[in-house]
Amino acid sequence: MKQNLLRKVIFGFLFLTVGILHSQTINGIVSDNSGPLPGVNVIFKGTTNGTQTDLDGKYILDNAPSGAVLVFSFVGYKTQEVIVGVQTNINVNLVEDAALLDEVVLIGYGTTTVKDATGAVTTVSSEDFNGGVISSPEQLIQGKSAGVQISQSSGAPGAGIAVRIRGTSSVRSNNNPLFVVDGIPLSDGGTAGAANLGGGGGSAKNPLSFLNPNDIESMTILKDASATAIYGSRGANGVVIITTKSGKKGSGGVFEFTSNQSLSSVAKTYDLLDREQYLGAITQFGGDASALEFGSSTNWQNVIFREVISTDNALSYANNYGAGNIRASFGYVNQLGIIENSSQERITGRVNATHKFFDDKLKVDANLSYSRVNDESPMVTNTSGSQGDLLGATYFANPTWPNDVNFTSGDGKLNPAQLLEYYQDLANTDRVLLNLSGEYSILESLKAKVNLGFDESNSERAQILSAEVDGFNNGASGNGRGSLQQVNVKNKLMDLTLNYTKAFDNSNLEILVGYSYQSFQNYGTSINAFGLNAQNFNQAVSNLENSANIIGNAINVPYQQYGYGPNGLFINQIIPEINSNVSMPLPAGVSVKSITGDLYNNTDELQSFFTRLNYKIADKYLFTFTLRADGSTRFGPNNQYGYFPSGAFAWQLQDEDFIPEGFSTLKLRLGYGITGNQDGLGYGNFISRQRFSGAGIANDGVVNLGNGGFVAFANPNLKWEETAQAGIGFDYGFFDDRLTGSIDIYHKTTTDLLLQQEAAQPAVQPFVFSNLDAKVINKGIEFAINYDVIRRPDVNWNVGFNISYNENEVQDFDGLIQTGQINGNGLTGAYAQLLAQGQPLFSYYLREFGGFDADGISIYPNGDKQEFVGKNALPDYILGISTSFSYKRFDFNAFLTGQYGQYIYNNTANAFFTAGVINSGQNVITKVLTNGESPANAPDVSTRFLEKGDFLRLQNVSVGYRLPFEGSGFFKTFRLSLTGQNLFVITPYSGLDPEVDTPKSLNNIPSSGIDYTSYPRAKTYTFGINATF
Amino acid sequence: MKNTIKWLFISVLFAGLSCTDLEIEPTDSNFDSLSGEFSGVDPAASLDGLYGAMRGQIETQENLYALAEVSSDELMVPTRGTDWGDNGVWRNLHDHNWDAVHSFIKNTWNNLNQNVYNATLIIDSRSGGSPQQVAEAKFLRAFNTYWLVDFYGQAPFRTPDEGPNVNPSVKTRAEAFDFAVQDLTEAIPDLPASGPGKSLNRASKVAAQYLLAKLYLNKFIFLGTSPDAADMNKVIEYVDAISAQGFALEGGYFDLFTEAVNTETIFFTNSSVGARIWNTLHYKQNAPDNQGGGWNGFTTLSEFYDLFEGNPNSNEPGSGQEERRGFVPNDGSNLGIGYGFLVGQQYDETGTAMTDRTGNPLVFTKELPGLLGNNESTGIRIIKYHPENGSFASHEVVFRYADAHLMKAEAILRGGSSGRTPLQLVNELRTLRSASSLSTVNEQSILDERGRELYGELWRRNDQIRFGKFSEPWQYKTNTDPYRVLFPVPSTALISNPNLIQNPGY
């Protein structure tokens, strides 16, 4: 027994399929009612030995011992067993399994079927995913489900993505849903944002980029509280369950190779003045054109933008050997950005294995993935000041300047060629995600499951601004500045669940109870240096790293922070006791002039108990109750545990006599639940806690260590944000479900809003972290319809459409908090949005602009003051339109996505495209020359720069052709495809792209809908091949 | 075997149920006692933090500096097309149209009060600070309280044991004044007795005495009474005590604003002086250690410039100007950047006449069209710290003996007793600064002299209020609301603490 077990384990995990000596041969044909079935698994029971039927349904098995049992299995059919007697020819007719035909739906710690689901759940499987260049999994399902808004914040490779399920409910916390990959709930973070070396700070990359889209089998979106309450304090924003591909479909061993080559170019650029127009404009506004004439003619946008070919290759091997299956994959992606020096390279490897032991009583799953993501970013930032970032400097740049890195304007203007040449930003992130689970059937009706997960990510981002760069007023010019950020995340998970099912005469009961423990460790170092003493980037990075290592090694006591500079080496100690500015002996070999380092390391834990009860009566009445108790180290001692209940009822109305025959499906769903959001809480915000603030290096290299002080005030009542959601929905189907769809209405109330409020001074810090007695309401309606217009063997045509409407409002809030920071020359302290009661989140608060007076000065008919203008950044409607058509070996897909009702604040135009800008010798777009503005006008924040952000985008269109290789020779299948992404966008917005969200938070309140030197989006054509063999 | 597996599962299940106690560990921060009771702070680290906070407060051109200077007749920040609009914060300060949501008013309130609280934590006996550490914290608490009294006329107070759910009590202007005086009086015995030197970036007896002199000189304004001879005698007494430690007027006006030790500096911070230099200079004016050029913002008014002796229309060398008005070099000396008041054509480091960014001559005009509608060369620029001494040198003077000297003159004028006369004291300073002697002094001439000596050093608003001139109209300011001698309590503070009452008029 033990040997047998060992052998099976080895077989299972080392993916050896076994060939065994043979003496007797059995053959036959497997078919179903419509003819021979290819690909059916035929194995000897209790072993892994077997084969698959060929295209004609035929199989041959050697070495069949007499008395053996043959098992015939195929997805969607009932498994049959046949005892081998003396006969050598065994033909089998497989019967479709009605229960299995129903698509399986993941619901968190378990599965159900579409038919039995009680919550608002949408599954998008891999065949429906968006194609082309995909840098992270959210993009695969953009527009595929009503009520789910997925927007990329910019066009940069690996840019952050916002997913909003049924509106935005949290004022300051993360509003993204919980992502669960193969049973492991992921935590946020893991990538470092760009440090501000002088051109503004930048966003962190999307941490989900580590998943290879080719490895994803399906993504399931849990939208309502009755479905997400099982995830308790992390369920309020919805849940997205990602399932990676297994080897199930790889009977007999199948290799799959996918390769895509994509050509990308910038979809839209600004209409900047060319050389002659520019010189004319200088004269027009009263300047001396000859003083600004540098003799060249440079199109600066052409200097920084480029046309690139990205590549995406993936190879996988899958094998289903009956008692288990295995899939191993390798992926390599090199996505090049349309701005110079931007790219994302991803190397991913994954092994998913499943094996069953003891007559299938024990099922062991192991998923291991490793990824390496290398990011290269240009200086495109969110908060650049009066000089701009790379894009800002490009818009500003005088077109008569030469495209020459040695050129300097001499008056503090940045030369874009220098920003390309003298700035480097490289990041690499290694991530391992491992989960092991074992499910054991203790009894026929009782299953126990253990799920262990481990998720570790190590990321390092190194930015260098070389000394050669001209024009920076922070000491970077002439000295060089650098930053090295190490961000590490280590999460561990243990889930234990028991699942009991019991069938009664007319009803079925299923009970799940579980325990879950998850720990989240975040640790890392932030290093900044000045005076890099280097000839090139490599030397600068190595000087930075070496100096940090030398100093780190020389300090042999615990510390939070060090600073090395002209005055010596000093440290700040925080544990076990606080000591500031402790002088340390100077280590030898530090090659930079000044350097500071700051460490952090903290761990949070989450411990949960949960249960779910499903009860089905007469296959018509479905009840679900769930309860989760979440204990979190982020909650204050008075609220250590949160309880999150939900209930749902579904009714299969089509089975009732009073429903007209015309309905092939009509299901009513009712649900109510309470869920939480603990993401905004962070570590240790309920306890009085001290740390040193960040260290700084002044423009002359003098190091100022951080100040010690409280970073949190005691608040034993601190807790999660709570969302109560009620929903009602109908699933409908006509014409034998050729026409299907759903309608949902929901109402969400979020209370106990987490907010950093202004502290009642005197206090240790300007803000106090607490739960507010205010509400955010989201209510909306979702509608989806899908019609198989043509369903014939050779021709299929399907059309799908979904649309949703959401309304948002803040209630009972007695403060006013500014957000939506506006940057640019003369815009210090400017903001565009205000959080206030009775208004939606992200409501614009602006001067009402009434044109220019005769002198070209702005008129504000309501006065030179900001006010609510009745517009906000949240879309009212989001929609998706898709169609797929196939004819014989050809297939065609098109997909459009749209958003309506949202407004964009065009901070780019506010900062770069005004008359004052041309009057300071910097370039503008042509419109500025004729709009009547005086160069002396102050372009204050007003509705002048507020624009409608409606859009309809042809997101994806693809044509594919399957070559007729099946069964002949090497290849099993071979498909060629051509995909276009972002071929057009219909929008009134004057900026580069209406799907934009530059993070411009203020007062710790995030913003939305602001466009500031956003990385433009690409138009992409992809040629792809996909082959199995 | 199957049973083994079965029991293994069940035991793992139960093992899992032996739960964690959900406690966070202090791995990168220092926890106060878990009971939530105050258990003291590290006095040395917290003091460093307080000095650091003060450094940050002084070096920015926003907040404290802006409230004290841009609201006066000495400085303005005109909006220049796309530059310096900044949502109106600078215009509102100069033309006295600020309101309770003005960001500088809010930030300053928060910074000052936060510093007061952090000082209170150090002073608390549970922090176990040495007598000198406690005395330094008391000096810093008084420094911050002084500004609260001056700007807002009231000061909330929280003890270390009052948690976030307690609404802080509020001290009236008189109570807060007494509180600052008491802190300073208690601190003096334990503060070091420093003479002129490099260690004056920390509190000393003379810094405390200077602040006491400042408090008593302004007491009649803070209390809404008239000048009292006893208070004025205190001013004289404290200034004399400072002088007894070796502090005195020193010649070489612009050398006082460098890192070199002199007998005038009573208290300085390691704040970067970059903002003082570059916020006024034009984009094209530059120094080798600042490649970014100036920020082309802060400007003074022609009425203020005209208080100085010299040719009103030129400040190039040889225009008959007094030392403190500085000069505009036309021969490429001093990096091509002037000292004091920059007016007229500017020259670069080679002595060549400069042009602005669109090629027109860079001529700083005396007059401006107003707060709005300016081009990049309007307004007289004002510069005391010079890039020759480091574009971002970390040394800014906060208390200076010349101020103490003029405070003494004023105290005598307001009824204090001394062997010297105000005229002697004022002329002593003027002679040292190569300005002609006055024949008489009155309140106006003291105010003017303070302006000429102390421009850009944080005191103009305070002086104008004390001399009753703050509510008068001046260039580009028509508002004469008398209540604007106090700033409003920020609206966010009113929401967070119902004990606060908004100042009259707002």
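Helix α3 of chain B (residues 63–70) is mostly covered in this predicted model, with eight of its eight residues buried; a residue counts as buried if 20 or more other C-beta atoms lie within 10 Å of its own, as exposed if 12 or fewer do, and as partly exposed in between, with C-beta atoms placed from the backbone. Helices (H or I, at least four residues) and strands (E, at least two) are DSSP runs numbered from the N terminus. The buried set of α3(B) consists of B:Asn63, B:Leu64, B:Tyr65, B:Ala66, B:Leu67, B:Ala68, B:Glu69 and B:Val70. These residues pack against α2, α4 (89–94), α5, α6 (131–152) and α15 (460–466) of chain B, where contact requires that the C-beta atoms of two residues, placed from the backbone, lie within 7 Å.

Residues are numbered from 1 along each chain as its sequence is written, and chains are lettered from A and ligands numbered from 1 in the order in which they are written. As the model is predicted, local features need pLDDT of at least 70 and side-chain atom pairs count only at pLDDT 80 or more, whereas totals for chains, interfaces and linings use all residues. Chain B has a mean pLDDT of 93, and 95% of its residues reach 70 or more; pLDDT is the predictor's confidence in each residue, from 0 to 100. For the complex, the predictor gives an ipTM of 0.80 and a pTM of 0.85.

The contact between the chains draws 101 residues from chain A and 85 residues from chain B. On the side of chain B that touches chain A, at least two residues each are supplied by α1 (2–17), β1 (30–31), α2 (43–59), α5 (103–123), β2 (155–157), α10 (274–278) and α16 (491–496). By class, this side of chain B has 41 polar, 30 nonpolar and 14 charged residues, with Ala, Val, Leu, Ile, Met, Phe, Trp, Tyr, Cys and Pro taken as nonpolar, Asp, Glu, Lys and Arg as charged, and the others, Gly among them, as polar. Strand pairing also links the two chains: β34 of chain A (residues 689–692) and β1(B) pair in the antiparallel sense over two bridges, and A:Gln690 stands opposite B:Asn30. Two strands are taken to pair if DSSP finds at least two bridges between them.

Chain A comprises ten helices and 55 strands. Its C-alpha atoms fill a box of roughly 100 × 65 × 60 Å along the principal axes. The radius of gyration of chain A, 31 Å, agrees with the value near 31 Å for a compact globule of 1029 residues; the radius is taken over C-alpha atoms, and the globule rule is 2.2 Å times the number of residues to the power 0.38. Of the 1029 residues of chain A, 55% count as buried. Among contacts in chain A with a separation of 6 or more, 70% are between residues 24 or more positions apart.

Several antiparallel strand pairs occur in chain A. Strand β23 (residues 423–443) is joined to β24 (residues 446–465) by 20 bridges, and a hairpin connects the two through two residues. Within this pair, A:Asn428 has A:Glu460 as its bridge partner. Strand β24(A) also pairs with β25 (residues 481–503) over 20 bridges in the antiparallel sense, with A:Glu456 opposite A:Lys490.

A further run of pairings involves β38 (residues 721–734) and β39 (residues 739–751) of chain A, which are antiparallel and joined by 13 bridges. Their hairpin has four residues between the strands, and A:Phe735 takes a positive phi near 50° there. A:His747 in β39(A) is the bridge partner of A:Ala726 and also stands opposite A:Lys779 in β42(A). Twelve bridges join β39(A) to β42 (residues 775–791) in the antiparallel sense.

An open, five-stranded sheet of chain A has the order β11-β16-β17-β14-β15 and mixed pairing. Strands β11 (121–125) and β15 (184–185) stand at its edges with a single partner strand each, so one side of each is left without a neighbour in the sheet. Within the sheet, β16 (residues 216–222) and β17 (residues 239–244) pair in the antiparallel sense over six bridges, and A:Met219 stands opposite A:Ile242.

A:Asn382 lies in the loop between β22 (362–376) and α6 (390–396) of chain A. This residue counts as buried because it has 25 C-beta neighbours inside 10 Å. Not counting residues up to four places away in sequence, A:Asn382 touches A:Gly200, A:Gly201, A:Gly202, A:Ser203, A:Thr998, A:Pro999, A:Lys1000 and A:Tyr1012. A:Asn823, 441 residues apart from A:Asn382 in sequence, is 8.8 Å apart from it in space, C-alpha to C-alpha.
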